[in-house]
Amino acid sequence: MSSILKQGKFVGSLDCGTTSVRFIVFDQYANIISQHQSEFPQYYPNPGWHEHDPEEIQETSEECVTQACAKLEEAGWAKESVKVIGITNQRETTVAWSRATGKSLCKAIVWTDSRTKNTVAHFEHLLSTVGIEVEPGQFKTGEEAVEALRDITGLKLSTYFSGIKLRWMIDNYREVQKAYDEDDLLFGTVESWIVYNLTGGVQGGIHVGEVTNASRTLLLNLCTLGWDERLLTFFGFRRSILPKLVSSSEVYGHLSHGPLKGVPIGGLIGDQQGALVGNKCLRQGEAKCTYGTGAFLLFCTGKDIVKSGHGLLSTVAYQPGPGAAPIYALEGSIGVAGSAIKWSASEINTLAASVPDTGGVCFVTAFSGLLAPYWDPGAAGLLIGLSSYTTPAHIARATMEATAFQTRAVLESMKLDSHTKLEHLKVDGGMTNGDADIGGFDVVRPDMRESTALGSALLAGSAIRLFGWDISKPATLTEVNTKGSRTFNPHMPEEDREKGWTAWLRAVERSKGWDEGVYE
């Protein structure tokens, strides 16, 4: 059949999200030629727990590749037209598997999972008392230790990050502890697990970790882009369990099986950084916000690491190739956005639009604590301001506005850190319409909203210079995704906007500290 099919030049992107996987085939202009998406199961065995089955993620990924290739051929194109693929993934989600069998040792702990509050409390106590080594034989303790950890990693101690989740796995799962003791344990975030399996698994699969994902582990030195021995000692890990670090754009290996057997994997990136690249926010001062299960705002700071004084994280935005200077970003992470819509009601948009305001209701969607800029793992979801006047429509509108208020909170911090007032915000994903009114700025949404997948595709294409793309030269990407965009302008009176903002801040204060971690 392939002899009668057209031969083209396309790039594929495997987007492994929190609730689903999709494989998208793009042309050089970011037109979608073929795609397939499938959801995979979510597991919530205890309050605050959120798990995935790593094998189910892998099986779903391979199904998406197979089905998208079948659709590509149905559209008249040979699957050989796909010259390279990239992978983007939910970050922080932690996978532990056996070196000997290639099988996962337990379910993956998802980034939203907050079971590790006591583990965080333990390491907070350790920072306070023993401290962290900053130079050979020189330790810092207390607040100096907290700042030293941030200086090395760009991060705060939180249930959010992979190193804390891995420590919990070793301490609480006998199979993981045994594998660690016998040096049979391999650790990775989702891109590491997917690449390992796509390149052969136990039969020669490669164990690599990409730097934007590694920068979410609490184990990476943000300056050197290497695993930091001081951090491994502090958290109690041996280096042999860790993947080899790689850049965001290079040929790592080739697919060992399936319809794209032999095709190189040329781009890896965490999903939020992928959306930054996909929106072509490659220069210092450009920002985007992606709405999915959570919402994530990244502000490109160029080659400078900017340390936030207002609750944001410093992170790697991307590394354009092996040995290349990395590009950094400030990030504000919001744990709950689209998942609040799924939790509340399928008809929420219609309900929310049926009333002009929330009727005084505020909804703090702290289902797994609060991330940026508050960083309170003990915060709890709070619905406040209810009265006899309240209807389901008011609650629906409060749910929609919750994400917009959290986005504004992050932007207020970003404005203070960058000394720049944002005039417009590039967004992708759903749930974008309300932010203009709540934030008081223009919201720009591209017509082609698959920015996360496009980011990994651009990095993969750049690795083999497909279409002349070079991620370090933004001018080579000028013809990508130029179909247009829609701008949402603020219409809410300033007095009403500030009244809602003040009420939201009061509600957040009331949600804090409900279930704090305990040092054990």
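Contact means that heavy atoms lie within 4.5 Å of each other. Helices (H or I, at least four residues) and strands (E, at least two) are DSSP runs, numbered from the N terminus. The model is predicted: local features need pLDDT of at least 70, side-chain atom pairs count only at pLDDT 80 or more, and totals for chains, interfaces and linings use all residues. Residues are numbered from 1 along each chain as its sequence is written, and side-chain values use heavy atoms, with hydrogens and water left out.

**View 1. Helix 5 and the elements against which its buried residues pack.** Helix 5 spans residues 174-181, and its buried residues (under 20% relative accessible area, with exposed meaning over 50% and partly exposed in between; 1.4 Å probe, protein chains only) are V176, A179 and Y180. Because these residues cover an arc of only 100° around the axis, they sit on the same side of helix 5; the arc is that of the directions from the helix axis to the C-beta atoms. An α-helix has 3.6 residues a turn, so residues three or four places apart point the same way. R174 and D181, on the other side of helix 5, are exposed. The buried residues pack against strand 6 (94-98), helix 4 (162-172) and strand 10 (185-189). After helix 5 comes D183, which has a positive phi near 55°.

**View 2. R167 in helix 4.** R167 has a relative accessibility of 11% and therefore counts as buried. Its side chain is joined to that of D171 by a polar contact of 2.8 Å. A polar contact is a pair of N or O atoms within 3.5 Å; within protein, one must be able to donate a hydrogen and the other to accept it, and residues adjacent in sequence count only if both atoms are side-chain atoms. When neighbours within four places in sequence are left aside, R167 is in contact with T119, F123, F235, G236 and F237.

**View 3. The pairing partners of strand 1.** Two strands pair if DSSP finds at least two bridges between them. Strand 1 pairs with strand 5 (residues 82-89) in the parallel sense over 7 bridges, and F10 stands opposite V82 in strand 5. With strand 2, strand 1 pairs in the antiparallel sense over 6 bridges; here V11 stands opposite F26. Strand 1 and strand 2 form a hairpin, with 3 residues between them.

**View 4. The hairpin of strand 2 and strand 3.** Strand 2 (residues 20-26) and strand 3 (residues 32-39) run antiparallel and are joined by 7 bridges. I24 has Q35 in strand 3 as its bridge partner. The hairpin has 5 residues between the strands, and A30 takes a positive phi near 75°.

**Setting of the views: the chain as a whole.** The secondary structure of the chain comes to 15 helices and 25 strands. Of its 520 residues, 59% count as buried. Among contacts between residues at least 6 apart in sequence, 71% join residues at least 24 apart.
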